[in-house]
Amino acid sequence: MAVQESYLRCTACEQESEHQVVYAGRFVSEIQCAGCGAVTRLDVSEDYLPDLRQRISSKPGRLARRLRSDPGELAASLPVRTLSKPVRMLQEFRAVWRSRS
């Protein structure tokens, strides 16, 4: 799950303001207006599992490319990323689950 800030027009208050955009994988699952607090949830559950399968199947190739391009960076970041991946996946699953309601 990734969270980014963006300046958007809110559909609830009609004001342009900062919004927090939550991604589940490659899909926007939630947008929250910082001005009025309105939350827009987008149901990404239909598209998420096929995308997750594709991301998992392409991971070995992506790791091999990173190993060839910058082996030192990969060696330094891989242990931390491996330990944090279960937490990141749980956050992503929660974002998808919340988007269904």
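## About the model

Residues are numbered from 1 along each chain as its sequence is written, and side-chain values use heavy atoms, leaving out hydrogens and water. In this predicted model, local features need pLDDT of at least 70 and side-chain atom pairs count only at pLDDT 80 or more, while totals for chains, interfaces and linings use all residues.

## Helix H1

Let's start with helix H1, which covers residues 45-69. Helices (H or I, at least four residues) and strands (E, at least two) are DSSP runs, numbered from the N terminus. The end C-alpha atoms of H1 are 34 Å apart, which agrees with the 36 Å that its 25 residues should span at 1.5 Å a residue; the expected span is 1.5 Å times one less than the number of residues.

H1 bends by about 45° at Lys-59, with Pro-60 following within four residues. The bend is the angle between axes fitted to the seven residues ending at a residue and the seven starting there.

## What H1 packs against

Ser-45, Tyr-48, Asp-51, Leu-52 and Arg-55 of H1 are buried, meaning under 20% relative accessible area with a 1.4 Å probe, protein chains only. The buried residues of H1 pack against strands S2 (16-24) and S3 (27-33) and helix H2 (71-99), where contact means heavy atoms within 4.5 Å.

## His-19 in strand S2

His-19 lies in strand S2 and is buried, with a relative accessible area of 3%. Beyond residues up to four places away in sequence, His-19 touches several others, including Gln-4, Cys-10 and Ile-31.

Note on methods:
Buried means under 20% relative accessible area, exposed over 50%, partly exposed in between (1.4 Å probe, protein chains only).
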